[in-house]
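Dear colleague,

Please find the structure below, handed over for your own work. The findings follow directly after it.

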Number of protein chains: 2
Amino acid sequence: MAERFEIVEKALIQMLEEKKYITLRDILVTMNPSDIAAIFADLEEKQIPLMFRLLTKEQAAETFVEMDPDAQELLIRGFSDNELKEVVDELYVDDAADLVEEMPANVVKRILKQADPEMRKSINQILRYPENSAGSIMTTEYVSLRPNMTVEEAILRIRRQGVDKETIYTCYVTGKDRRLLGLITVKDLLLAEDDETPLEQIMLTNIISVTTQTDQEEVARMFSKYNFLALPVVDGENRMVGIVTFDDAMDVMEDEATEDIELMGAMTPSEKPYLKSSPLDLFKNRFPWLTLLMVSSTFTGLIITSFEDALAAQVALTAFIPMLMGTGGNSGSQSSVTVIRSLSLGELKFKDIGIVLWKELRTALMCGIALAVVCFAKIWLVDHLLFRNEEITLIVDLVVCLALALTVVIAKVVGCTLPMIAKVLGADPAVMASPFITTIVDAVSLLVYFMFAKMLLSI
Amino acid sequence: MAERFEIVEKALIQMLEEKKYITLRDILVTMNPSDIAAIFADLEEKQIPLMFRLLTKEQAAETFVEMDPDAQELLIRGFSDNELKEVVDELYVDDAADLVEEMPANVVKRILKQADPEMRKSINQILRYPENSAGSIMTTEYVSLRPNMTVEEAILRIRRQGVDKETIYTCYVTGKDRRLLGLITVKDLLLAEDDETPLEQIMLTNIISVTTQTDQEEVARMFSKYNFLALPVVDGENRMVGIVTFDDAMDVMEDEATEDIELMGAMTPSEKPYLKSSPLDLFKNRFPWLTLLMVSSTFTGLIITSFEDALAAQVALTAFIPMLMGTGGNSGSQSSVTVIRSLSLGELKFKDIGIVLWKELRTALMCGIALAVVCFAKIWLVDHLLFRNEEITLIVDLVVCLALALTVVIAKVVGCTLPMIAKVLGADPAVMASPFITTIVDAVSLLVYFMFAKMLLSI
């Protein structure tokens with residue numbers, strides 16, 4: 001599938017180079033805008049406007065939306081005012097707002113000048129909402145109906161108005177002052193038994209809506225819970241201001257998962273796709289975290305330094321430090337990652353912290369004891385008997401395994417608690433993922449280790 | 001929003017306990033099935049059948065689908081044959097297939113006995129496809145039209161057939177032997193200018209479809225790329241067998257992200273939500289990974305043991321081991337996590353390995369050098385001058401920072417390469433995430449460290 005696409009792409013680019021414009025246009029007209037946009041991403045700069053002019057008007061706008069910002073900017077700079085107006089007229093309001101957000105100021109000025117007053121107003125309205133709010137991802141183009149319309153009148157209105165709406169399948173019944181009264185789907189309208197029924201008799205009145213301020217992550221969660229095609233966005237007085245459609249919710253879901261994953265990997269989240277990010281971009285997202293974590297691991301070094309004499313007396317102890325820190329870190333990240341994901345999916349709330357702690361504590365005890373047993377046997381059989389390391393006595397073995405068990409328990413408790421605390425403090429729980437937990441657990445595991453060593457080995 | 005729901009839930013459960021069934025029924029009838037299912041999750045076992053019988057027939061089926069398997073099983077065991085038939089008749093085929101997959105054998109037997117022959121056939125067909133394939137998540141209920149039908153006839157057919165279809169908004173035009181010829185949306189039909197136009201003149205013929213064998217992750221990626229409402233599933237001869245709808249694709253997207261995140265956190269992925277997982281479930285998903293990683297970190301121990309004399313001669317070196325291993329591990333996970341996510345989103349293919357290596361190498365050099373400089377200054381200023389640690393000479397400082405820079409570079413190269421190799425070998429790249437990379441990088445960082453120590457400190 002993907003390979004077939006690459007062959008097609010190569011052939012099309014070759015046609016462009018050989019100036020076989022008519023054949024190229026005939027093929028492009030059958031293609032999906034997302035696929036055409038993928039080809040644009042691989043074109044050279046000077047080829048982009050050339051190929052763009054081969055697209056039909058409608059296709060041009062749809063492809064434009066799917067292109068990356070660099071190519072969009074390049075095209076706009078090359079457009080005549082007329083060409084720009086043609087593309088902008090075909091855009092849905094939410095896509096236009098996205099575009100305005102991405103472009104530099106002088107390009108934005110040209111776009112807004114070409115947009116008709118209605119659209120300019122809507123764009124400005126969307127841009128006023130806080131980033132990551134429902135208001136910022138909604139579109140203001142939806143089908144609105146009146147409660148006293150009949151089914152037949154509603155269908156007629158959809159047929160007249162539908163062309164410019166992003167979805168016609170869910171329609172909103174509004175009263176005076178755009179107050180949201182109910183919703184009705186095209187399926188309901190088509191399957192209604194009597195064309196003369198007024199909408200107020202068949203519309204759904206128990207509507208699930210969000211406000212313009214609702215966080216986009218919450219919006220995405222509602223889509224995945226309720227399987228809606230669209231969700232109405234209302235203001236504080238239940239007046240309809242727009243809708244969010246499922247495709248935008250899907251994008252949010254994907255972006256939020258990527259953001260969590262990047263934070264978990266100790267990076268500043270970025271919206272740029274990997275292949276578009278320069279090494280300098282990557283450096284900027286990664287270096288601060290590495291520095292922060294490097295500096296915090298200084299404490300671990302300080303702990304080791306303060307137990308230098310103990311280590312000098314029992315050099316064998318040093319060999320188990322990486323295993324202890326590693327296992328502690330892994331135990332902690334398992335818990336933190338699980339809790340972070342459950343918080344993101346909305347399965348877990350802060351009020352569940354008691355349940356979580358109790359669950360993790362029991363899991364940690366099982367893991368800690370089981371690992372300690374395995375570790376005890378392994379050290380005795382491999383290190384002592386097989387490698388005949390005389391320094392590793394039964395007591396040393398015991399110290400290591402007791403430290404291991406306790407470290408695992410502490411790591412899991414810390415791992416599940418910190419993300420929940422971050423959540424309640426309004427921070428992103430994903431920040432509290434593996435690297436952060438590991439740094440804390442590293443220090444804890446050493447303290448526990450040396451404590452047992454002091455107690456049992458009397459050093 | 002979420003809190004308001006909890007208040008409603010509490011009130012409803014109280015009504016159930018006080019046997020105010022009529023009021024309860026009146027409220028339930030206005031509620032969304034997903035919300036009702038959420039209430040069922042908090043009911044006691046004996047309350048479940050009681051409240052279920054208060055739902056309307058259609059609501060009962062829709063709520064049933066959203067409930068968790070334990071509650072479903074409990075209900076089915078309590079159902080009379082008639083009640084079971086009523087619920088099964090209302091289910092969409094793909095939901096029925098999911099149910100059959102979840103239930104124990106004796107329950108499945110009863111379900112299949114109550115399903116009508118047509119549905120039984122479809123369920124069996126869906127269950128035959130490999131897990132995680134498009135065939136296993138599709139539904140066989142879609143609207144199919146003929147190429148010579150007019151727009152008016154098509155709308156009539158949708159009105160007659162639509163009730164039982166999961167979506168009516170995208171309809172498929174099929175020819176002889178169910179061969180897929182084109183697709184047309186209800187929007188196209190409603191907005192068509194002439195009711196007498198035959199479908200073949202206005203249908204979209206350049207159709208993007210998947211086969212029954214296509215991986216569900218690939219299916220989800222196509223939804224997020226093309227913003228489809230539904231995607232046709234065909235067999236090897238382009239014969240239509242079903243459709244996947246956007247809501248199922250959304251679930252797949254969420255599940256696949258969760259699976260990646262769990263693997264990255266060194267756990268066996270599980271489909272059970274966290275709050276439903278017992279400590280024993282969690283133990284089973286976590287313990288094998290911890291053991292595996294613990295045993296592999298033995299090598300790190302061996303490396304330290306073999307350099308025991310060097311460490312005894314220069315005890316100061318030990319204090320920097322955690323910082324080196326930690327920074328190496330974090331650098332490696334940054335690269336691996338980025339590459340794994342890009343592979344999952346389909347932004348990256350194995351053929352890009354050259355580009356990735358070159359990008360990561362340059363990033364790694366920048367990170368490595370910058371970190372080494374920071375580290376050098378920090379050790380000199382804090383450890384040497386501030387804490388007056390005489391053991392930390394300029395040479396020791398140099399050894400640590402050279403080792404740090406080289407470790408970061410190696411860690412990033414290893415971190416970006418392993419997931420891509422896993423991908424090309426057909427394994428899940430997410431397995432190659434932080435914990436795995438960290439274990440390798442731990443060993444590498446020590447070897448690099450001791451190599452520089454031997455060279456520069458002549459120990």
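Two residues are taken to be in contact if their C-beta atoms, placed from the backbone, lie within 7 Å. Helices (H or I, at least four residues) are DSSP runs, numbered from the N terminus. The model is predicted: local features need pLDDT of at least 70, side-chain atom pairs count only at pLDDT 80 or more, and totals for chains, interfaces and linings use all residues. Residues are numbered from 1 along each chain as its sequence is written, and chains are lettered from A and ligands numbered from 1 in the order in which they are written.

I begin with a helix pair in chain B. From H7(B), B:Asp81, B:Leu84, B:Lys85 and B:Val88 meet B:Arg110, B:Ile111 and B:Gln114 of H9(B). By class, this contact has three nonpolar, one polar and three charged residues (Ala, Val, Leu, Ile, Met, Phe, Trp, Tyr, Cys and Pro count as nonpolar, Asp, Glu, Lys and Arg as charged, and the others, Gly among them, as polar). The axes of H7 (residues 81-90) and H9 (residues 105-114) of chain B come within 9 Å and cross at roughly 70 degrees. Axes are lines fitted to C-alpha atoms, for helices over the stretch in contact, with angles running from 0 to 180 degrees between N-to-C directions. H7(B) and H9(B) are therefore roughly perpendicular (65 to 115 degrees; under 35 counts as roughly parallel, over 145 as roughly antiparallel and the rest as oblique).

A second pair in chain B is H20 (residues 321-344) and H22 (residues 394-424), whose axes come within 8 Å and cross at roughly 30 degrees. That makes H20(B) roughly parallel to H22(B). The contact of H20(B) with H22(B) has 13 nonpolar, nine polar and two charged residues.

As to the interface, 94 residues of chain A are in contact with 94 residues of chain B. Helix H20 (residues 321-344) of chain A gives the most to the chain A side, with 14 residues. That side divides into 50 nonpolar, 28 polar and 16 charged residues.

The same surface serves both copies, as 100% of the contact residues of chain A recur in chain B.

Yours sincerely

Conventions
Helix = DSSP H or I, 4+ residues; strand = E, 2+ residues; numbered from the N terminus.
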